[in-house]
Amino acid sequence: MRLIINGEAQNICANTLSELLRLMDYEGEWLATAVNGELVHREDRADHALDENDRIEILTPMQGG
């Protein structure tokens with residue numbers, strides 16, 4: 001399936017947002033996620049189905065000072 005992840009087109013076989021995060025090795029990390037501009041909360045990721053050409057944003061916190 002073609003997905004736009006953080007602005008980059010990728011072909012990934014994932015049916016849900018949580019499956020995508022597992023495939024991309026983000027499982028267990030602190031994240032903010034959005035699909036097509038809508039925030040998807042952690043508890044909703046397993047039920048959030050992905051569609052062809054969805055735009056997914058995955059944001060991780062940065063350390064620094």
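Predicted model: local features only at pLDDT ≥ 70, side-chain atom pairs only at ≥ 80, totals over all residues.
Strands here are DSSP runs of E with at least two residues, and helices are runs of H or I with at least four, both numbered from the N terminus. Strand 1 and strand 2 pair in the antiparallel sense, over four bridges; two strands count as paired if DSSP finds at least two bridges between them.

Residues are numbered from 1 along each chain as its sequence is written, and side-chain values use heavy atoms, with hydrogens and water left out.

Let us stay with this hairpin. Two residues lie between strand 1 and strand 2, and in this hairpin Asn6 takes a positive phi near 50°. Asn6 is a residue other than glycine with a positive phi. Is Asn6 buried, partly exposed or exposed? Its relative accessible area is 37%, so Asn6 is partly exposed. The scale, calculated with a 1.4 Å probe on protein chains only, calls a residue buried under 20% relative accessible area, exposed over 50%, and partly exposed in between.

In which sense do strand 1 and strand 5 pair? Strand 1, residues 2-5, and strand 5, residues 55-59, pair in the parallel sense over two bridges. Within this pairing, Ile5 stands opposite Ile56 of strand 5.

Ile4 also belongs to strand 1. Ile4 counts as buried because its relative accessible area is 8%. Leaving aside neighbours within four places in sequence, Ile4 is in contact (heavy atoms within 4.5 Å) with Ala9, Asn53, Asp54, Arg55 and Ile56. Asn53 has a positive phi near 70°, and is a residue other than glycine. With 39% relative accessibility, Asn53 is partly exposed.

Asp54 and Arg55 lead us to Asn36. This residue lies in the loop between strand 3, residues 32-35, and strand 4. With neighbours within four places in sequence left aside, Asn36 is in contact with Asp54 and Arg55. Along the chain, Asn36 and Arg55 are 19 residues apart, yet their C-alpha atoms are 4.9 Å apart in space. The side chains of Asn36 and Asp54 are joined by a polar contact of 2.9 Å. Such a contact is a pair of N or O atoms within 3.5 Å; within protein, one must be able to donate a hydrogen and the other to accept it, and residues adjacent in sequence count only if both atoms are side-chain atoms. At 45% relative accessibility, Asn36 is partly exposed.

Thr16 is located in the loop between strand 2 and helix 1, residues 17-23. Its relative accessibility is 17%, and Thr16 therefore counts as buried. Through its side chain, Thr16 makes a polar contact of 3.3 Å with the side chain of Ser18. Beyond neighbours within four places in sequence, Thr16 is in contact with Arg45, Ala46, His48, Ala49 and Leu50.

Within helix 1 we find Leu21, which is buried because its relative accessible area is 6%. Not counting residues up to four places away in sequence, Leu21 touches Tyr26, Glu27, Leu31, Thr33, Arg45 and Ile58. The C-alpha atoms of Leu21 and Leu31 are separated by 9.8 Å, and the two residues are ten apart along the chain.

Finally, I consider the rings. The charged end of Arg42 sits over the ring of Trp30, 5.4 Å from its centre. The criterion is that NZ of Lys or CZ of Arg lies within 6 Å of the ring centre and within 35 degrees of the ring normal.
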